[in-house]
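I opened the model and kept notes on what I looked up. The entries follow in the order I made them.

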Amino acid sequence: MRRTKLIEACGIVLSMMLFSATTLAAPFDIAEGLCFYLPFDSDANALVAKGNPMEMAEGIDAVFVEGKVGKAVHCGEGGKHRYLSYLTVSPNFVPSIRSDAGTLAFWVRPDWDGDEPVERYRHFLSIRSGLFYLYWHRSGLVFSSTMRKMARHLYAPSTSVKHWRKGEWHHVAVSWQITDPKERKGFKRLYVDGQKLAEASDVFLDFELTLDFELTGAIIIGGIDGEPQRIADAAIDEFIVWERVLADEEIRQVWMMGEKGMALAQLPAVQKLAQQTQQRIRLTIQPQKGNLLFDSSFEVGSLHPWRASNMTLKHDETEKVHGNRSARFIVRGRTILTCGLFVARPQVAHTLSLWLKAERKGVRARFGVNSAYVAGTQPYSPIFRGIEGQGVLTTDWQRFTVTGILPPSPKGFYFVRAVFEAEEPTTVWIDAVQFEEGEKATPFKMRRDWEAGLATDKPFNLFHPNEPVHMRLEVFSEVERKQPLILPIAVHDVWEQKVLSRQVKVRLRKGLTVLPLSFRLPLGSYRISVADEKGKVMDELVVAVLPRFEKLDERMGIHIGANETGVMLAKALGCGWVRLLDACGVTHWDVVEPEKGKWAWEQTNWLDEAIETYRNAGLKILGLLFRTPLWASSGDSVNHPPKDLEAWRNYVRSVAQHFKGRIDAYEVWNEPYGLGLFAGKEELYLQMTRIAFEELRKVDLQVKVVAPCTYWSLDDIVRWTEVVLQKGLLEFVDVFSFHGYDGYRPNDFERIKRWSALDGKQRPIWNTEQGVVSESFYRFLPDAYDDPYTRWIATRPFSAKEAASAMVKAFVSTLMLCLEDETSAKPKWEGEAPAEPKKDWEGEAPAEPKIDAKFFQYWAVPEDTMLPRLKSMSLLEFDNALRPKAVAWAIAGWLLRNSEPEGFECRNGLWLLHFTKDKQRITVAWSEEGTKILTLPEGAEVLTMMGNHVKFASGKIYVGNEPIFIW
């Protein structure tokens with residue numbers, strides 16, 4: 001229960017009288033614009049929050065001490081007392097801090113003197129994206145901000161705090177405002193103990209602006225993320241944020257409140273905001289009877305809304321506790337079973353029960369129900385909150401139960417999560433899962449008397465033109481009814497248009513009833529739903545209709561696992577290449593030589609089997625020379641370059657020899673421009689690329705060397721790239737590679753085109769990694785999961801339709817890179833061009849490569865953590881159905897197969913990308929500035945991004961933000 005800083009009524013009146021006497025001359029509404037308030041009264045969560053009020057690590061291990069008013073949080077003591085983190089944006093909340101204008105204030109009690117002669121930084125505040133820092137350094141207090149475009153920090157304003165002494169409380173406030181949005185200029189102000197001591201005016205405030213002007217990342221109080229040596233070593237109290245600039249006198253009054261021992265929480269207006277915050281995050285949910293889970297007897301459909309992390313969940317009719325079926329899955333090492341989100345009452349006792357058995361004894365299980373808000377500051381380190389039990393499975397059915405009080409959860413959403421561990425692959429069965437209010441388990445009962453679901457046996461739910469879309473409607477009932485059910489079936493396309501509907505009559509009988517369904521659908525992505533008699537959707541199935549690809553397209557690459565599912569997907573989409581990054585790292589140094597001189601292919605067959613899996617499917621392979629094993633690393637991770645370049649040379653040579661004739665190209669490192677994946681400098685990367693080029697040439701004259709795996713934007717990456725190119729990198733590069741994230745127009749990649757030919761030679765350009773994070777196309781499951789990974793990848797995800805549009809734009813814009821550039825016939829260097837590389841191999845070098853472009857989508861694997869998370873960069877839904885972005889990309893590749901880029905133009909925001917195919921022009925068009933009218937020649941045809949014909953009249957077509965294809 002939260003202890004608030006409220007006092008008795010008589011005390012409030014007395015304090016307000018005293019406070020009013022000092023503020024009457026200049027009253028102001030302290031609650032106006034208040035968007036975030038942390039009183040730290042034995043609780044790390046915000047009392048008032050426009051956004052997410054919850055500390056990202058749930059306040060675990062936070063240390064509270066005596067504060068300026070009531071309690072304070074302590075961050076320091078050599079790092080023992082951690083800093084606190086709060087989201088600025090979240091899937092379920094609006095922003096909690098704005099970058100266009102604001103004020104931030106807090107009290108601080110340092111454990112050090114202000115003139116302490118030590119060379120260190122003590123951070124009181126940072127925004128995870130690096131936009132704001134407020135810290136002590138060299139006797140001064142600095143309010144720093146990042147200028148992204150200029151790739152540097154503005155270390156102003158600042159002021160001396162030499163007079164601060166250990167154990168004294170001081171009040172600090174900062175304010176900021178962008179006064180010239182076009183030039184991104186404004187002011188920043190710094191206050192100490194109620195006085196404005198410093199100001200920076202007419203300065204760049206190059207923040208990450210969005211439509212809502214929010215700062216991205218997290219507010220970090222008392223430190224800086226990932227750098228424990230910069231912790232504040234101080235107590236912090238009364239941390240307050242306003243979304244407006246407070247006047248000097250207002251800030252002075254906030255300081256005076258603290259000096260008089262008054263907390264903001266004592267003000268009626270703030271108490272009202274606090275009540276609104278609590279009401280918003282703790283919705284009133286009426287008591288619920290019975291089982292809260294859908295299809296928890298695993299009787300119907302495609303096992304929605306359940307999922308095993310390794311995608312092995314199947315129906316089983318031989319082993320069951322209830323009904324006709326159970327579910328089974330294989331535990332390999334560690335396997336997680338989850339379900340979609342459902343609503344339950346927070347802070348009320350609930351009981352989870354489930355029946356489990358295994359094919360052998362000893363499988364360990366942890367099971368429970370967790371809040372949809374998953375705490376944690378790191379993407380892969382979630383902190384689950386909920387109730388949890390554990391047990392050990394036997395070969396007989398056992399019912400396991402756990403009871404507890406549910407923690408608060410945004411909008412009342414929760415999910416079941418069960419973790420199974422086994423020493424060797426083991427089949428586990430699960431049945432009759434029940435979650436109910438109360439402190440004991442009752443006999444199992446389904447959520448309702450009958451349940452309905454949709455199912456198909458087609459991989460990826462993929463169908464082809466001129467064949468019916470076959471599926472099954474499955475209905476399981478515990479009762480019999482004389483009157484038949486009338487169940488509505490609806491088919492929606494990616495534009496949410498209902499393209500088909502029908503009603504199916506079902507006579508309820510005890511047990512399972514299976515009815516066949518069949519539809520004729522054109523190319524595209526569709527969501528098929530079944531609803532109950534009141535129209536509530538019970539289940540959905542996302543399906544795709546794509547052409548059959550007899551020949552794979554070598555302009556399309558993909559990141560997939562070396563397994564049947566992966567290669568089947570590549571062929572289904574028409575992809576001709578695979579890139580070996582995290583989905584399959586068989587060429588990575590730490591994989592092939594984990595210990596010096598011990599090669600993995602001498603110990604196991606799986607590396608060769610993986611390569612053969614790809615080759616047998618007709619895929620060409622882009623290997624990756626990447627990740628230094630720790631024994632060879634110059635640092636403490638695989639992302640550090642090698643300490644000995646001869647060891648690197650030996651690695652490259654050994655990989656090239658072992659996989660000769662089986663791997664078509666090698667890319668030198670992944671994203672080596674120094675933002676976390678490569679801790680080396682430009683010169684070192686140049687040397688590593690030179691060595692790779694020399695060794696690969698000696699072994700295989702046909703294999704391509706691909707580099708520098710750069711990015712098309714961001715000043716620091718641009719500078720890194722230009723430095724390494726000026727040093728002569730292109731001497732050792734057959735194919736110029738880059739990552740195209742956030743690039744959706746041909747002119748986004750103009751710099752890439754220029755870079756690739758700086759030495760006067762035109763060479764292939766490959767976009768070796770690009771993807772878009774999208775929402776699910778499913779609608780029957782709540783999309784409110786809020787975990788560290790989702791917050792990392794999906795601050796503002798595309799909708800399913802937007803993602804499809806973005807994928808097509810990125811793909812066709814990449815293809816434009818292989819346009820012949822007449823101006824690149826002579827070198828672009830200033831001064832002398834680099835000397836020709838020394839020939840150090842036998843035979844003839846490869847012929848001058850054709851100018852081609854490739855697009856590698858990232859990525860296309862079933863993600864372990866999918867469900868209840870639905871947002872993803874993957875081409876697959878949680879059940880392996882193809883997302884609309886996969887379908888649109890495959891159709892674009894099909895429409896443009898065997899085409900050549902002809903050129904592009906932009907007319908007042910109307911993009912026209914022209915291709916030639918069989919002596920016929922194909923134009924891909926979209927508008928970035930509203931709807932445009934395009935006049936077409938007689939006989940022209942227009943297709944949507946899903947490959948369907950568009951009707952138009954009078955030779956005119958309306959062009960919007962979604963790409964269309966014009967013949």
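**Helix H6**

I began with helix H6 (residues 606–616), where Leu607, Asp608, Ala610, Ile611 and Tyr614 are buried. Buried means under 20% relative accessible area, exposed means over 50%, and partly exposed is in between (1.4 Å probe, protein chains only). An α-helix has 3.6 residues a turn, so residues three or four places apart point the same way.

I then looked up what covers these residues of H6; the cover includes helix H4 (564–573), strand E37 (575–579), helix H5 (589–592), strand E38 (620–625) and helix H7 (645–658). Contact here means heavy atoms within 4.5 Å. Just after H6, I found glycine 618 with a positive phi of about 85°.

**Ground rules**

I wrote down that this is a predicted model, in which local features need pLDDT of at least 70 and side-chain atom pairs count only at pLDDT 80 or more, while totals for chains, interfaces and linings use all residues. Residues are numbered from 1 along each chain as its sequence is written, and side-chain values use heavy atoms, with hydrogens and water left out.

**The whole protein**

I listed 13 helices and 50 strands. Helices (H or I, at least four residues) and strands (E, at least two) are DSSP runs, numbered from the N terminus. Of the 967 residues, 60% count as buried. Among contacts with a separation of 6 or more, 73% are between residues 24 or more positions apart.

**Cores**

Which residues touch the most other members of the largest nonpolar core? I found Leu473, Ile560, Leu573, Trp648 and Leu882, in a core of 162 residues. Helix H12 (residues 800–815) gives the largest share of this core, ten residues. A second, separate core has 43 residues, including Leu313, Leu354, Leu356 and Ala358. A nonpolar core is a set of buried Ala, Val, Leu, Ile, Met, Phe, Trp, Tyr and Cys residues joined through side-chain atoms within 4.5 Å.

Leaving aside residues up to four places away in sequence, isoleucine 560 touches, among others, Val567, Leu569, Tyr614 and Val861.

**Strand E15**

I checked both faces of strand E15 (residues 218–221): Ala218 and Ile220 are buried on one side, Ile219 and Ile221 on the other. Strand E5 (residues 84–87) pairs with E15 in the antiparallel sense over four bridges, and leucine 87 has alanine 218 as its bridge partner. Strand E7 (residues 122–127) also pairs with E15 in the antiparallel sense, over three bridges; here isoleucine 127 stands opposite isoleucine 219. Two strands pair if DSSP finds at least two bridges between them.

Most residues other than glycine have a negative phi, and most peptide bonds are trans. I looked for exceptions.

The peptide bond from histidine 304 to proline 305 is cis, with omega near 5°. Proline 305 is in the loop between helix H3 (268–281) and strand E17 (306–308). Alanine 707 and proline 708 are also joined by a cis peptide bond, with omega about 5°, and proline 708 lies in strand E40 (residues 704–711).

Methionine 311 has a positive phi of about 60° and is partly exposed, at a relative accessible area of 25%. Asparagine 898 has a positive phi near 65° and is exposed, at 65%.
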